[in-house]
Amino acid sequence: MITSIKDGLRTGLTTAIIFTFLILIGFTSVAANIIGDVLGNPEALNDESQLPVENLLILIGLAGFITGLVTIRKGSSPPWIDVLLRGLTGGILAGLIVGIVIYIVGSFHMEGVDFRAYLPNLGTAQLGYLLFYSTPLAASTTYLLYFTVFSLVGALVRKTLTMLTGLSTQLKNLKSRVSNWSDTKVFKSFASNQLFQAGLIILVGVGLYFLPLVWGSYWNYIMGTVAIYILLGLGLNIIVGFSGQLVLGYVAFFATGAYTFALLTAPEPHAVGLNLWVAVGLSTLVSILTGLLLGLPILRLRGDYLAIVTLGFGEIVRILIRSDLLTPLTNGPKGVTNVGQPIWRGHIFTDINYMHLLMLLVLAGLFIAKRLKDSRTGRAWIAIREDQTVAQATGVDTYKYKILALLLGAAFAGLSGALFASRNQFTGPEDFTLMVSVNVLCIVIIGGMGSLPGIVLGAFVLKGLPELLRELADYRLLAFGALLVVMMIVRPEGLWPGQNNKKGKMAAFTNSLGEDNLEERA
Amino acid sequence: MIKKFQNLNITWGTALRYIAGIIVVIYLLWRILQTTSIQGSYGPDTWMRFLITGLVIGGIYSLIAIGYTLVYGILFMINFAHGEVMMLGTFAGYFVLEAFAAISAPGSGNQNMSLLNTYPVAALVITFFVGASVSALIGYLLEKIAYRPLRGAQRLIPLISAIGASIFLQNAAQLLFGPQRRQYTNPDILWRGTGWMIPVGDKSVMLTYTGTFSFILSMLLMAGLLILVKKTRLGKSMRAVAENKQAAALMGIDVDAVISKTFIISGFLAGAAGVMWGIHNGLFNHYVGFIPGIKAFTAAVLGGVGNIPGAMVGGMLLGLLESLGPAILGIDFQLKDVIAFTILILVLIFRPSGLLGETLKEDKV
């Protein structure tokens, strides 16, 4: 009984804090708009300045419903009276807090206090919407009512579902069936049929060839960005995913690749006018050399030290590029314009050509990464990642293999940097901030460290989805940050874990490192 | 002789490191000689100004660096979001000062006299307390939400979580308060750009009130921390947990509570540093914590990470190197961040244990 009330109150408090935070960052209005779009509600009421209130009500109801759902712990099935208590206390507390916040803010707003200087998302329009264009008291009562009722509904629904169908066990079955479908006999006989394989490859190939022709330049641009990030992800995956060295300054290699290519091909500031394909090769080479320069002294460091040193290195490269010291060489903060464009059959590369080139490179990159992973080198890397001391003891030259991983990763970055500069026809120091490194790292980690399909998936999720959800663009980085934390807690092996990490191996490994488990093992 | 060399067991890596080190030292000496003897473009007053700037910034770095060191000493993880904790302290202090400035003082009769200028000392005390407390709260929540579930996981995992938390906090601040730069409203007695004039040679240098205030306050806070760690029961248990978690737990120390308190203390110091940063420099936005955070980490490494006096010395040293360095080396002031990062890389290559640090065991590094 008392635990039920406690659980309910805790959930209610969490919901209230999250919901208030969402109000303050202006997310509620955006989410309400999206709900309106999904349901096909009219954009605005008869009066242009007012948004439809029912979208916001649906959002609040949804928040209350989710509160109710999570007040019941996973796998537990408390008696009805407890369910009622949990749903009720959670909903009332959440509604009460949010209602009070709305009441206070609303009352000040009615007296003419302007919050916008400090909290830009509490402008007149947004506040009016949050107050349902009525009085603060009425609005806050509505919040309380909606949270309470829908939280109760959520708790009851959860209870009913677990009671009626034993839903959780069924879900588990479904999950294991889905994850095991690739192991079934039918699938295996199909997959090992060579005719089938060849047909599939041809089909995919034809599809990939025609897609860029069909879907227009906007999609070519987005998918091109995704492809460049897949290449970057493949490179960083060799360093972080295979050999387990956390490098946070990956952007440095990307930048050197892009700048080498741009300076060798652009008319300004040097007018070298080198052949483009030679320039691509050279920029890859320069990136590799940069990797060597960085890697030789620092790859003896481990884990977090390495992360900070490489982060510092990435920042040094960016600061140097834009500094007055190197402006004669790099054109400083202005960047390099008119970067060289490849020529194909007598005409300059179009977006379609770029897309085809990028697709080819991604396929080649995937192939190379796959072969590397399965090679002796790859096994050495994975040994280093899993336990460096043991790897060394079994005769792996850890220093050599770590440097090799860094150089290969740098080569990928240099190549994609050259393509990036060429495709944008411009490159400037602000293209190479720390966020690029973080984005690529997110791709590798969220996809699944060391897993190749995971990287493709990660690149689509992190670079493709945000382009599609333009309305949510402002919240993208916020979501990235939260996603990283949540992923590390809930699913550290990534969305699509590689074979070595599957079936809790990673979890078992990480647990074995923990000091708390020492007694159990002994 | 030859045998002696063979016994030294020099590998290619170490040989390269030492050759690179010698080249760097020779180059630095050459630059210093060049700028000090030949050019002599800076008068003594300029040097004095650099020195003052270095000390003030160094104090702020020290306070933040202590936070890194405390957490690293206990959990062996880099609290990557520590700079963001400081940033939120800067914001909190700003809002308190704005509130004081907005309310006119009761009973003064003068409408233009705000509460801020009627009771400046009280206002400052409250500002620092609120700013530091907000940061302490954020530090506590950060540990509870983002780090505690990962205790005992592989080393990379909490670090990635910390990076995520850092991105989250930075963007949350941007979305909550807007991306524009803001300016601190100081009370009149601590107005930026006012101070004592100190004669140096035939010119005079301004010793700003804000700078002096920040420096003294950071010294006081550091002294308080040292007393806390050395003399109190909490400090004793913190040192015990840093030494060996299991043994500490067996001695009846609540390890989780000690870790929480460590995060609260480091957040408190970072928050105070954040308010100082705002009062001294004025302008800030949601990026304010990022660079000082990394610099302070550099300072912690420089002094020997995990070592509290080391963090203090490292912070001061880094502040001085950063403000004097470009002048000594005769390079552009744009490149002062490069100096900090280069120091970080050089320290980690040549003396990973830092200036005051013990040589850490393999499992700790």
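In the predicted model, Arg148(B) is partly exposed, with a relative accessible area of 24%. The side chain of Arg148(B) meets that of Glu143(B) in a salt bridge, with a distance of 3.1 Å from N to O. Glu143(B) itself is buried, its relative accessible area being 0%. This value falls in the buried class because that class covers residues under 20% relative accessible area. The 24% of Arg148(B) is assigned to the partly exposed class because this class lies between the buried limit and the exposed limit of over 50%.

Glu143(B) also forms a salt bridge with Arg151(B), in which the closest N and O atoms are 2.5 Å apart. Arg151(B) counts as partly exposed, at 25% relative accessibility.

Asp337(B) belongs to helix H14 (residues 336-350) of chain B and Lys295(B) to helix H12 (residues 290-303) of chain B, so the pair ties together parts that are 42 residues apart in sequence. Asp337(B) and Lys295(B) are both buried.

In chain A, a network of salt bridges links Glu315(A), Arg318(A), Arg322(A) and Glu430(A). Over all chains, the structure holds 15 salt bridges.

Notes. Residues are numbered from 1 along each chain as its sequence is written. Chains are lettered from A and ligands numbered from 1 in the order in which they are written. This is a predicted model: local features need pLDDT of at least 70, side-chain atom pairs count only at pLDDT 80 or more; totals for chains, interfaces and linings use all residues. Side-chain values use heavy atoms; hydrogens and water are left out. A salt bridge is a side-chain nitrogen of Lys or Arg within 4 Å of a carboxyl oxygen of Asp or Glu. Buried means under 20% relative accessible area, exposed over 50%, partly exposed in between (1.4 Å probe, protein chains only). Helices (H or I, at least four residues) and strands (E, at least two) are DSSP runs, numbered from the N terminus.
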